[in-house]
Amino acid sequence: MKSFFTNKPLFKIAAAAILVLPFGNTMAQTQSNVNMNAFISGLMKKMTVDEKIGQLNLVTSGMAITGSVTNNGVDNGIAKGQIGGIFGLYGVENVRKAQELAVKNSRLHIPLIFGLDVIHGHRTIFPIPLGMSTTWDLDIIQKSARIAAKEATAEGLNWVFSPMVDIARDARWGRISEGSGEDPWLGGKIAGAMVKGYQGTSLKNADAVMACVKHFALYGGAEAGREYNTVDMSRLQMYQDYLPPYRAAVDAGAGSIMSSFNTVDGIPSTGNKWLLTDLLRKQWGFKGFVVSDYTSLSEMSNHGLGDLSQVSALALKAGLDMDMVAEGFLSTLKKSLQQGKVTQAEIDLACRRVLEAKYKLGLFDNPYKSLNAENEKKDVFTEENRKAARLAAEHSFVLLKNANQILPLKKSGGTIAVVGPLADNKRDMLGTWVIAGEWEKSVSVLEGIKHVVGDNVKLIYAKGANITDDTEFMKRLNFGPGMVSLDSRSPEDMIEEAVKAAKKADIVVAVVGESQSMSGESSSRSDIDVPESQKKMLKALAKLGKPMVIVLFNGRPLTLTWENENAAAILDVWAPGTEAGNAIAEVLFGNYNPSGKLTATFPRTVGQIPIYYNHKNTGRPYTDGPTKFKSNYLDISNDPLFPFGYGLSYTSFGYSDVKLSKTNLKGAETLTATVTVTNKGTYAGEEVVQLYISDPVASISRSVKELKGFQKINLQAGEAKEVSFTITPELLKFYNSQLKYDWEPGEFIIQIGTNSADTHNAKVKWLK
Ligand code: BGC
């Protein structure tokens, strides 16, 4: 039984030299690598086969169990050297006990590594990753990871299962909430920022955690958006659209990577040699270790690859170093060695990589390096951290609609009806991955509004609807205790109460959408509307003809056609984290002017999925005119409701035409593309100026456009700024049918604008 939300400790209880690497590579090594290799070789000489295999075993403590397997006898296992790391255990006292067992009681005193799903904050919860991505602010994103690392290390952790960098083009998939959306270029930038934030300036620092990039690879490509489903795509699509963020994380120095549950080219990732060795290590030069996902090793049997012994041997040979929870390595590898199914060298290689991670983290120097009870008290959930979480949340909100400038709301005078099941609600503020986050400490929307307006505005609250009235659906949402419940009143009575409140008000603020467990792992939905119970309430309110502002909670793009037609304004707040209510109120009342931009396309209906901006043209593209025999639907437009990169502001921005420094270029020349952006409204505001490039003639069919740059600028009312992008041939490169990454000469269209569907364009000819 998965329990992402538990926070009760259940577990009671370690000068340059030249080196020729495996695969024949040669590279300059630093003295510290030489020292590391010497140390680990010395240690491994003393290790028995059992002890080596023990290092490959990652167990859960039971504090945060995410699957059906539990591990008993963890203490015993540690002392016997059968465990290399624990995940799900935190708190200085708990971690110290486990580490002491390893360091004092195991024969070779090898410390353990302690991991956890710290995904969007540890104790101070930041917006869900999809929300962090809509900030388009790499500093804010890197800082959030730094703060999470500080809080996590203060509680004894040294390894985090983040960043999740899976590209997703299907909003039915619940884990779209955990990634950075659909764009590989932006995804790569965010992946790099997260890795740098977590790992800091040196992994040896007491406040650094090792990042674990996941889920390698292509996990977001699950067919039909159904969790854990088959992934099947061409190599070209992998290289061009899905692999870049993993690569960017590796290039940023990520210390570890997690294999995914799905198959890649028909072979489960966890046992896929092409993926884990040829691509990851030989092509990309990854030097860290690979851990499986939760029981993904034993799940290879369900994929049809053989029994536990067979799949364990396969995975080891493919390049998997650590087995999360399945205990396939622990229980089968020794026998497989005796039978000649695996070699000693293969076991040694995996063991070496796990030990190297511990060495890089400085655990052999000081296994207790971050175990400091003082830090645990002073570095966690601080006022400063909460402020950073609030700032991130404010920047993450996307204003989807704002008719007649209804927002921002006035801070004094009048009456506001604050209605909806997410209005006076703390639990659902935090979002999907919050193992150590305490929802009781989060700020509800109603509280936040009160903090901002005090007594200056009259507020009338009504819950108005259950999150859902569907009891079967509710059961599925409630895999933990007390998450979504039915009100004792009938749905009709609740709606009536909301209508009454609205009748007395000048403006209605309806806080609706998805609860915490409606997105995230194992939370696929085939219908991505606002749940029916809440929609009924919205429809009843709309009939009153009062201006209605929707504050929308969602872990994925939703289908919002009705809401877009009937609400005056829609502010998409994702799941904003600990400071939710405060951040929302700051934005609603104009203390912060929203600047978030979508990183995932919002479809009109589920039938348009998969829908993404960087699609191909097709042989019969539809633009306008007669529709017959063109690529389109009989019943709906091809266009999304809200395109990638979209987001409004309380002000409006005007764009000039694009000025190019040259229109004919050759070879490694540099092009400068400039626009002037003018703040044409009455509020100061931030704008994310986006650069896209099209390559209309090439040796393969290219995407209609690709994001290649952005700048977030701040403009006072009336102010104008020139924004320039430097374009080199590097930005023109793509993978051709031989999977060679290069650019081809010809014409390119440089597009700059406020979102992917609204750009100013200029053509350039670039020859080799
Ligand atoms: C998830 C991973 C997670 C792991 C450990 C799995 O079910 O797919 O993202 O890191 O559990 O909790």
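Modeller: The discussion below takes the ligand site, the backbone and several individual residues in turn.

Modeller: This is a predicted model, in which local features need pLDDT of at least 70 and side-chain atom pairs count only at pLDDT 80 or more, while totals for chains, interfaces and linings use all residues. Residues are numbered from 1 along each chain as its sequence is written, and side-chain values use heavy atoms, with hydrogens and water left out.

Biologist: Which residues come nearest to the ligand?

Modeller: A residue is near a molecule if one of its heavy atoms lies within 4 Å of it. There are 15 residues around the ligand, and Asp117, Arg175, His215, Asp293 and Glu521 come nearest. With Ala, Val, Leu, Ile, Met, Phe, Trp, Tyr, Cys and Pro counted as nonpolar, Asp, Glu, Lys and Arg as charged, and the others, Gly among them, as polar, the shell divides into 7 nonpolar, 2 polar and 6 charged residues.

Biologist: Which side chains have an N or O atom 2.7 Å from an oxygen atom of the ligand?

Modeller: A polar contact is a pair of N or O atoms within 3.5 Å; within protein, one must be able to donate a hydrogen and the other to accept it, and residues adjacent in sequence count only if both atoms are side-chain atoms. The side chain of Arg175 has an N or O atom 2.7 Å from a ligand oxygen, and the side chain of Glu521 likewise has one at 2.7 Å. For Asp293, a polar side-chain atom lies 2.6 Å from an oxygen atom of the ligand. Taken alone the ligand exposes 310 Å², of which the protein buries 100%; these accessible areas come from the Shrake-Rupley method with a 1.4 Å probe, and for residues only the protein chains shown count as cover.

Biologist: Which residues have a positive phi without being glycine, and are they buried or exposed?

Modeller: Buried means under 20% relative accessible area, exposed over 50%, and partly exposed in between (1.4 Å probe, protein chains only). Phe381 has phi near 50° and sits in the loop between helix 15 (373-378) and helix 16 (383-396); Phe381 counts as buried because its relative accessibility is 18%. Trp574 has a positive phi of about 55° and belongs to the loop between strand 18 (569-572) and helix 22 (580-588). Trp574 counts as buried because its relative accessibility is 1%.

Biologist: What covers the buried residues of helix 12?

Modeller: The buried residues of helix 12 (residues 308-318) are Ser309, Val311, Ser312, Ala313, Ala315, Leu316 and Ala318. Their cover includes helix 10, helix 11 (299-302), helix 13 (328-338) and helix 14 (344-360), where contact means heavy atoms within 4.5 Å. Gly319 follows helix 12 and has a positive phi, near 120°.

Biologist: What does Ser336 touch, beyond residues up to four places away in sequence?

Modeller: Ser336 lies in helix 13 and touches Ser309, Ala313, Lys341 and Val342. Ser336 counts as buried because its relative accessibility is 1%. The C-alpha atoms of Ser336 and Gln310, which are 26 residues apart along the chain, are separated by 8.5 Å.

Biologist: Where does His120 lie, and what is found 3.1 Å from a polar atom of its side chain?

Modeller: His120 lies in the loop between strand 5 (113-116) and helix 5 (129-133). The backbone nitrogen of Trp433 is 3.1 Å from a polar side-chain atom of His120. His120 counts as buried because its relative accessibility is 3%. Leaving aside neighbours within four places in sequence, the contacts of His120 include Leu430, Gly431, Thr432 and Val434.

Note on methods. Helix = DSSP H or I, 4+ residues; strand = E, 2+ residues; numbered from the N terminus.
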